[in-house]
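Hi,

Here is the model I promised to pass on.

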Amino acid sequence: MNYISLNKKAGAVSFREAVVRGLAPDKGLYYPENIPMLSEELLSNFNNLSDQELALNAIRPFIGDEIPATRLSTIVNETLSFPFPVKQVEEAISVLELYHGPTLAFKDVGARFMARCLGFFNETSGDEKITVLVATSGDTGGAVADGFFGVEGVEVVILYPKGKVSEIQEKQLTTHGGNIRALEVDGTFDDCQAMVKQAFLDAEILEKRPMTSANSINVARWMPQMFYYLSAVRQMGSSDKIVFSVPSGNYGNICAGMLATKMGLPIHHFITGTNANKVVPDYLSGGIYYPKPSVATISNAMDVGDPSNFIRIRALYDFDEDLLKSWMSGYSFNDEQTLQAIRKLYEAEEYLMEPHGAIGYLALKSFLNGLKETVQGVFLETAHPVKFLDVMPKELVEKIEIPAPIKQLIQKPAHKTGISSYADLKSILLD
Ligand SMILES: *Cc1c(COP(=O)(O)O)cnc(C)c1O
């Protein structure tokens with residue numbers, strides 16, 4: 001499969017090149033040249049297959065023969081080595097829990113898949129080392145550190161804002177050591193991201209050190225996220241129409257679900273839930289698409305003012321606005337509404353959400369309210385509440401069981417380097 005740049009000013013490349021480059025030379029996002037359909041055979045046999053079999057079938061055409069079949073199967077099996085349970089919480093409302101991976105956030109799937117693809121490409125090229133450079137506001141860095149830890153030929157450099165990630169998130173970034181380097185930036189997440197962008201444009205660095213990114217702009221991190229939707233549709237069985245409600249920030253996750261739908265996965269509709277950063281809901285309710293600087297909220301993994309994957313969603317619907325709007329609804333909620341939803345659902349059903357999942361839940365409720373047809377709604381719980389202890393309602397914090405791996409993590413010593421300017425980053429990357 002070849003990948004084109006959505007800026008249309010750079011040539012098509014192989015899967016391998018798209019993964020290694022991250023972003024096209026014209027700064028466009030890579031996008032598959034065509035969207036393969038799931039086979040009739042797969043769809044008619046859907047409920048008898050395992051998550052791993054479904055995933056392998058869905059992803060294989062995007063990679064073609066660039067990774068041998070047996071190796072790709074190993075990569076998929078290792079990526080999906082934990083469950084993705086769907087649980088009913090209310091009538092017509094279920095939750096898809098995406099936090100049973102090693103870092104307790106859905107980003108584990110994309111990070112593990114990308115790390116293994118890059119590891120394979122490195123083995124077979126004898127290339128020099130490649131550096132994965134990434135800025136994180138919390139969850140990305142942990143998933144990337146865990147996914148890439150110990151992968152031969154790959155060095156990882158993670159920038160995170162000092163004092164602005166939770167204690168557990170910081171431990172997830174800083175306790176690996178080895179090929180994982182954590183840089184604590186005296187600044188905000190935006191500063192971290194600006195430094196990373198500058199490094200990707202710095203010829204002096206690129207000459208010494210090939211670099212790629214591990215954000216959802218990378219096709220190997222973005223596309224495998226379709227796996228959760230395959231698993232959830234299988235678990236729901238084939239009764240009513242299914243709608244998914246996805247708490248969204250950079251729109252990589254929801255876009256992967258829409259990709260699966262384009263391939264023939266029977267999904268009826270998508271709902272995006274956001275916090276105060278509501279560029280997309282505003283657009284969907286009739287406005288123009290107008291990116292803004294991000295504002296801080298308690299669902300901070302979604303504090304994104306200009307979602308990078310939205311262009312891929314537009315591409316999926318051939319840049320036809322009306323068509324896109326017929327497939328997608330959007331709602332936004334403030335911090336107070338989010339906390340209230342967490343409390344209410346816990347009181348009613350003893351189901352504990354964290355702030356991102358709670359926005360997915362609220363968006364689904366808004367959509368279902370007054371809807372005439374019968375559908376089954378599924379909202380995505382994108383992280384475990386333990387990752388957001390500092391913002392959860394106080395009276396619920398004591399209800400949160402600390403998972404065993406997190407207890408161990410808290411004991412481990414941190415390795416980090418403080419930096420305060422681009423010059424500091426540059427000297428580390430040139431070293
Ligand atoms: C990253 C993240 C999101 C947003 O996902 P996108 O794919 O960027 O839309 C939502 N919730 C949590 C917990 C996250 O870590």
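Leaving aside its neighbours within four places in sequence, which residues is Lys107 in contact with? They are Asp139, Thr140, Ala143 and Arg221, where contact means heavy atoms within 4.5 Å.

Before the rest, two notes on how to read this. This is a predicted model, so to speak of local features pLDDT has to be at least 70, side-chain atom pairs count only at pLDDT 80 or more, and totals for chains, interfaces and linings use all residues. Residues are numbered from 1 along each chain as its sequence is written, and side-chain values use heavy atoms, with hydrogens and water left out.

UniProt, in an unreviewed entry, lists Lys107 for "modified residue: N6-(pyridoxal phosphate)lysine". Bear in mind that UniProt positions are given in the numbering used here, feature names are shortened, and annotations may be inferred rather than shown by experiment. Lys107 lies in helix H5, residues 107-125. Helices here are DSSP runs of H or I with at least four residues, strands are runs of E with at least two, and both are numbered from the N terminus. With a relative accessible area of 12%, Lys107 is buried; that means under 20%, while exposed is over 50% and partly exposed is in between (1.4 Å probe, protein chains only).

Lys107 also turns up at the ligand: of the 15 residues around the ligand, it comes nearest together with Asp139, Gly249, Asn250 and Thr382. "Around" is set by a heavy atom within 4 Å. A backbone N or O atom of Gly249 is 2.8 Å from an oxygen atom of the ligand. For Asn250, a polar backbone atom is 2.8 Å from a ligand oxygen atom, and for Tyr251 the distance is 2.9 Å, again from a polar backbone atom to an oxygen atom of the ligand.

Asn253 is in H12 and counts as buried at 4% relative accessibility. Just after H12, Gly264 takes a positive phi of about 115°.

Strand E10 (residues 241-247) pairs with E11 in the parallel sense over 5 bridges, pairing being at least two DSSP bridges between two strands. Val243 has His269 as its bridge partner in E11. The chain goes from E10 through H12 to E11, a β-α-β crossover that is right-handed: with the strands pointing away from the viewer, the path from the first strand over the helix to the second runs clockwise.

How many residues of strand E11 (residues 269-274) are buried? The count is 6 of 6. His269, Ile271 and Gly273 point one way, Phe270, Thr272 and Thr274 the other. In a regular strand the side chains alternate between the two faces of the sheet. E11 is also joined by 5 bridges to strand E12 (residues 328-332), running parallel, and Gly273 has Tyr331 as its bridge partner there.

**The N-terminal part**

An unreviewed UniProt entry gives "domain: Threonine synthase N-terminal" for residues 2-79. Over that stretch the chain is 46% helix and 12% strand, with the end C-alpha atoms 23 Å apart. An open sheet of 3 strands has the order E2-E1-E3, with antiparallel pairing. Strands E2 (13-14) and E3 (30-32) stand at the edges with a single partner strand each, so one side of each is left without a neighbour in the sheet. E1 (residues 2-5) is joined to E2 by 2 bridges, and Tyr3 stands opposite Val13 in E2.

**His356**

One last residue to look at. His356 is in helix H17 (residues 355-368) and is buried at 2% relative accessibility. Its side chain makes a polar contact of 2.6 Å with that of Glu354. Beyond four places in sequence, His356 touches Pro247, Ser299, Asn300, Ala301, Met302, Thr382 and Phe388.

Cheers

Note on methods. A polar contact is a pair of N or O atoms within 3.5 Å; within protein, one must be able to donate a hydrogen and the other to accept it, and residues adjacent in sequence count only if both atoms are side-chain atoms.
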